[in-house]
Amino acid sequence: LIDDPNELLQLGYLPLTQNVEVLPKHLPEGFRKACLMARDRHQLKPDDIDWLLPHYSSEGFRQPLMDGLKEGDFQIPEERWFTNLKWKGNTGSASIYIILEELMKSGRVKEGDRLVCAVPESSRFSFAILHLTAVGPSSPANG
């Protein structure tokens, strides 16, 4: 147990900023591993997933993330990816909620559609994977 906050900071447990130099290496690798772990644990197949909602901070990560899934034999076609980074920007910890709300309000989600949200915490390279099933129709009117 470490009680000294300065020691915790020095050891990297309380990063105050994102180390963008290591993101290109660790983000795609962590994303691939998290998705493959979810796939194996829950017997998911790419065809089972109607929408992949990945959060990433830069469009430069999109292709490496796609390549990682292809490498892991878990390729989800690009037309089933939904992100709003180009028009909303990186909204940090709120990103996945904003992405999910926007997709639901678009009217493209049908009852029974299966959505997988991939959310990194990139200062420590941990991931959360959410697997959701739509239970009712979505439309711009009823969101």
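A residue counts as buried when its relative accessible area is under 20%, and as exposed when that value is over 50%. Keep those cut-offs in mind as we look around this predicted model.

| Residue | Relative accessibility | Class |
|---|---|---|
| Cysteine 35 | 4% | buried |
| Cysteine 117 | 1% | buried |
| Aspartate 47 | 70% | exposed |

Cysteine 35 is called buried because its 4% falls under the 20% cut-off. Aspartate 47 is called exposed because its 70% is over 50%. And how many disulfides turn up in a search of the whole structure? The count is 0.

Where does aspartate 47 sit? You'll find aspartate 47 in the loop that runs between α2 (23-42) and β1 (51-54). Its C-alpha atom is 9.4 Å from that of proline 77, although 30 residues of chain separate the two.

Now follow the chain into β1. Side chains in a regular strand alternate between the two faces of the sheet. In β1, Trp51 and Leu53 are on one side, Leu52 and Pro54 are on the other, and all four are buried, leaving both faces covered. The partner of β1 here is β2 (residues 114-121): the two strands run parallel and share 4 bridges. Within this pairing, leucine 52 is opposite valine 116 of β2.

Finally, take a look at the second largest pocket, which holds about 160 Å³ of space. Its lining includes Met37, Arg41, Phe127 and His131. Both α2 and β3 (126-133) supply at least two lining residues, with α2 giving the most, 5. Sorted by class, the lining has 7 nonpolar, 2 polar and 1 charged residues.

Notes: Residues are numbered from 1 along each chain as its sequence is written. This is a predicted model: local features need pLDDT of at least 70, side-chain atom pairs count only at pLDDT 80 or more; totals for chains, interfaces and linings use all residues. Side-chain values use heavy atoms; hydrogens and water are left out. A disulfide is a pair of cysteine sulfur atoms within 2.5 Å. Buried means under 20% relative accessible area, exposed over 50%, partly exposed in between (1.4 Å probe, protein chains only). Two strands pair if DSSP finds at least two bridges between them. On a 1 Å grid over the protein atoms alone, a cavity is a set of points where a 1.4 Å probe fits but cannot get out, and a pocket is an open set with protein on both sides within 12 Å along at least five of seven lines; lining residues have an atom within 4 Å of a point. Grid points are joined across faces, edges and corners, and a volume is the space filled by probe spheres set on the points. Ala, Val, Leu, Ile, Met, Phe, Trp, Tyr, Cys and Pro count as nonpolar, Asp, Glu, Lys and Arg as charged, and the others, Gly among them, as polar.
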